Amino acid sequence: MTQSPVWHPYAHLLTQQAAPKVVGGEGARFRLENGETLLDATCSWWCMIHGYSHPRLVAAIKAQADTLCHVMLGGLTHEPADRLARELVRITPTGLNHVFFSDSGSVGMEVAMKMAVQYYHLRGKPEKHRMLSLMKAYHGDTSGCMAVCDPEEGMHSLFAGYLPRHHFAPAPTAPYDADPETVAQDLAALRAALERHHHEIAALLMEPLLQAAGGLNMTSPEYLKGARELCDEFDVLLVFDEVATGFGRTGKLFAADHAAITPDIMVLSKGLTGGYLGHAATLATDRVHDAFIGDSPLHAFMHGPTFMGNPLACRVALESLAVFEEENYLDKIARLNRILRTELLEESALHRHPRVRDVRVLGATAVIEVQDATALQGVAAFARTRGVWLRPFGRWLYTMPAYITPEADMRHIAQVMKDWFR
């Protein structure tokens with residue numbers, strides 16, 4: 001068979017094997033062209049929260065396609081975009097009253113950064129044009145986003161000479177349930193970075209509670225509260241990248257809900273549409289939005305992705321939200337969390353294994369961090385022989401399952417992860 005011309009992401013072209021071809025899927029499983037079915041432990045990079053072929057989401061796309069597939073938001077609007085914006089304002093932390101649509105999480109973060117820089121320019125502080133990010137951060141693969149990913153352990157060090165320079169604070173080390181004294185050490189490090197550079201920092205960017213692709217680092221709600229207070233003290237906007245954490249992944253609808261705080265800007269994608277179409281939203285408070293109200297040419301926010309507010313994406317996002325709420329997905333996530341904690345933390349000796357550095361669970365996320373990445377070589381093929389699709393990266397073997405994953409299947413995923421270390 002002729003090799004496919006598809007250039008796959010993050011692939012080593014010399015050694016990559018032919019990618020299995022997916023022809024369909026139902027629930028938590030997808031089906032290959034050879035008839036093999038695999039239990040998806042990663043729900044397609046964490047976005048297929050309802051699983052595959054969900055009848056209500058599929059029907060929503062079909063119904064919208066019969067009416068309007070796309071129209072630009074430049075000078076126009078449509079009902080799905082208006083409705084989705086209102087719904088996002090309703091469900092997100094109080095005060096995020098304005099919604100700017102785009103077409104991917106990376107672009108949503110680019111929007112947030114541009115919004116922060118322009119905000120301070122309009123306030124007469126053009127010198128505040130840098131970002132403060134955290135080590136272990138991952139915010140996307142576009143140029144602006146690469147510049148605020150971890151510059152040492154991140155995947156973009158090759159591009160260092162090409163990227164703009166921003167500031168970084170140490171990654172928080174206090175776990176979710178840490179005592180205040182431990183969190184205070186993390187906040188002291190954050191304060192030190194702000195004290196040195198706040199005069200040129202427009203925004204502090206963070207993935208709240210769960211730094212996803214940078215190593216699945218799990219942190220404390222108290223860190224979020226402290227960060228909010230520090231940003232207020234130093235006149236810096238707080239931006240939450242909830243692309244991975246939003247829509248239930250941490251156990252609450254949004255990670256910000258664990259700390260009961262509102263960031264100045266919040267970015268959503270992945271689970272926004274249940275994974276069925278690419279879409280993103282950058283939400284802002286009145287404080288940010290109202291700075292753009294003025295009569296100079298500089299008051300217009302100069303950003304406009306072609307497919308922002310796409311009617312198909314907005315319509316399926318509305319259906320995804322309805323399913324999430326009507327079927328009480330937070331209860332489903334709590335059940336998955338109990339299974340993961342039982343299987344990987346409470347009834348497992350993984351933490352004593354010589355190759356394992358740490359095991360941690362938060363919401364519907366679990367990770368086994370190993371001492372060296374070589375300890376995970378072959379684990380994907382091993383899992384496939386047991387009917388599970390696992391895709392580790394670096395030193396991290398993880399699962400972020402679809403929320404509809406049955407309990408028996410969730411236990412099977414956890415068992416396969418444990419069996420690799422036996």
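This is a predicted model: local features need pLDDT of at least 70, side-chain atom pairs count only at pLDDT 80 or more; totals for chains, interfaces and linings use all residues.
Residues are numbered from 1 along each chain as its sequence is written, and side-chain values use heavy atoms, with hydrogens and water left out. Local features need pLDDT of at least 70, side-chain atom pairs count only at pLDDT 80 or more, and totals for chains, interfaces and linings use all residues.

Helix packing is taken up at the start. Helices (H or I, at least four residues) and strands (E, at least two) are DSSP runs, numbered from the N terminus. Axes are lines fitted to C-alpha atoms, for helices over the stretch in contact, and angles run from 0 to 180 degrees between N-to-C directions. Helix α2 (residues 55-65) packs with helix α10 (residues 311-326) at an angle of about 150 degrees. Their axes are 9 Å apart. The angle makes α2 roughly antiparallel to α10. Angles under 35 degrees count as roughly parallel, over 145 as roughly antiparallel, 65 to 115 as roughly perpendicular and the rest as oblique. The crossing of α2 past α10 is right-handed. A crossing is left-handed if the near helix is turned anticlockwise from the far one by less than a right angle, and right-handed if clockwise.

Contact means heavy atoms within 4.5 Å. From α2, the contact is made by Arg 56, Leu 57, Ala 60, Ile 61, Gln 64 and Ala 65. From α10, the residues include Pro 311, Leu 312, Arg 315 and Val 316. By class, the contact of α2 with α10 holds nine nonpolar, two polar and four charged residues. Here Ala, Val, Leu, Ile, Met, Phe, Trp, Tyr, Cys and Pro count as nonpolar, Asp, Glu, Lys and Arg as charged, and the others, Gly among them, as polar.

Helix α10 also meets helix α3 (residues 79-91). The axes of α3 and α10 come within 8 Å and cross at roughly 35 degrees. This crossing of α3 past α10 is left-handed. In α3, the residues that meet α10 are Pro 80, Ala 81, Arg 83, Leu 84, Glu 87, Leu 88, Arg 90 and Ile 91. Their partners in α10 are Pro 311, Cys 314, Arg 315, Ala 317, Leu 318, Leu 321 and Glu 325. The contact of α3 with α10 has 10 nonpolar, no polar and five charged residues.

A further pair is formed by helix α11 (residues 329-346) and helix α13 (residues 407-419). Their axes come within 10 Å and cross at roughly 30 degrees. The two helices α11 and α13 are therefore roughly parallel to each other. The crossing of α11 past α13 is right-handed. On the α11 side, Arg 335, Leu 336, Ile 339, Leu 340, Glu 343 and Leu 344 make the contact. On the α13 side are Glu 407, Met 410, Arg 411, Ala 414, Gln 415 and Lys 418. These residues of α11 and α13 divide into six nonpolar, one polar and five charged.

Two strand residues were examined next. Buried means under 20% relative accessible area, exposed over 50%, partly exposed in between (1.4 Å probe, protein chains only). Met 206 lies in strand β7 (residues 201-206). Met 206 is buried, with a relative accessible area of 1%. Not counting residues up to four places away in sequence, Met 206 touches residues including Leu 134, His 139, Tyr 223 and Phe 240. Asp 241 is also touched by Met 206. The two are 35 residues apart along the chain, and their C-alpha atoms are separated by 5.9 Å.

Val 22 is found in strand β1 (residues 22-26). Val 22 is partly exposed, at 46% relative accessible area. Beyond residues up to four places away in sequence, Val 22 touches Phe 30, Arg 31 and Leu 32. Val 22 and Glu 36 are 14 residues apart in sequence and 9.4 Å apart in space, C-alpha to C-alpha.

Most residues other than glycine have a negative phi. Leu 216, which is not a glycine, has a positive phi of about 55 degrees. Leu 216 sits in the loop between β8 (210-211) and β9 (217-218). At 0% relative accessibility, Leu 216 is buried. Asp 235 also has a positive phi of about 55 degrees. The loop between α7 (221-234) and β10 (237-241) holds Asp 235. Asp 235 is buried, at 16%.

The whole structure contains zero disulfides, a disulfide being a pair of cysteine sulfur atoms within 2.5 Å. For Cys 69, the nearest cysteine sulfur is that of Cys 314, 13 Å away. Cys 69 is partly exposed, at 38% relative accessibility. The sulfur of Cys 145 is 6.8 Å from the closest cysteine sulfur, in Cys 149, too far for a bond. Cys 145 is buried, at 0% relative accessibility.
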